[in-house]
Amino acid sequence: MFGGICFMLGGNMCCGVANDDLMARVGPDGQGEALAQPGARAMDFTGRPMKGFVFVGPQGTQDGPALKRWVERGVTFARTLPVK
């Protein structure tokens, strides 16, 4: 779907990798706060940003703790969704 590797939780995407970017599913309510983080930008495949998803460039995931925080954001949001 996104042209990269995707990780699922309960049948819902929580995070993934596309090219050199981490994809994180943060949900519509978490998107503003996520976009304020270093290296984050709107996830855009078609000229329209996808609500609730962000790309995080290498500068935002360059150490273990930073990467862990992004993965935890994705997992936290995916846990709010019904299992598919």
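Q: How many strands form the open sheet, and in what order?
A: In this predicted model, numbered from 1 along each chain as its sequence is written, local features need pLDDT of at least 70, side-chain atom pairs count only at pLDDT 80 or more, and totals for chains, interfaces and linings use all residues. Side-chain values use heavy atoms, with hydrogens and water left out. The open sheet has 5 strands in the order 1-2-3-5-4, with antiparallel pairing. Strands are DSSP E runs of at least two residues, helices H or I runs of at least four, both numbered from the N terminus; two strands pair if DSSP finds at least two bridges between them.

Q: Which strands stand at the edges?
A: Strand 1 (5-9) and strand 4 (40-44); each has a single partner strand, so one side of each lacks a neighbour in the sheet.

Q: And how many bridges between strand 2 and strand 3?
A: They pair over 4 bridges in the antiparallel sense. Cys15 has Ala24 in strand 3 as its bridge partner.

Q: Switching topic: is Leu22 buried or exposed?
A: Leu22, in strand 3, is buried at 9% relative accessibility. Buried means under 20% relative accessible area, exposed over 50%, partly exposed in between (1.4 Å probe, protein chains only).

Q: What is Leu22 in contact with, beyond four places in sequence?
A: Its contacts (heavy atoms within 4.5 Å) include Cys15, Val54, Leu67 and Trp70.

Q: How many residues make up the largest nonpolar core?
A: 11, among them Leu22, Val54 and Trp70. Such a core is a set of buried Ala, Val, Leu, Ile, Met, Phe, Trp, Tyr and Cys residues joined through side-chain atoms within 4.5 Å.
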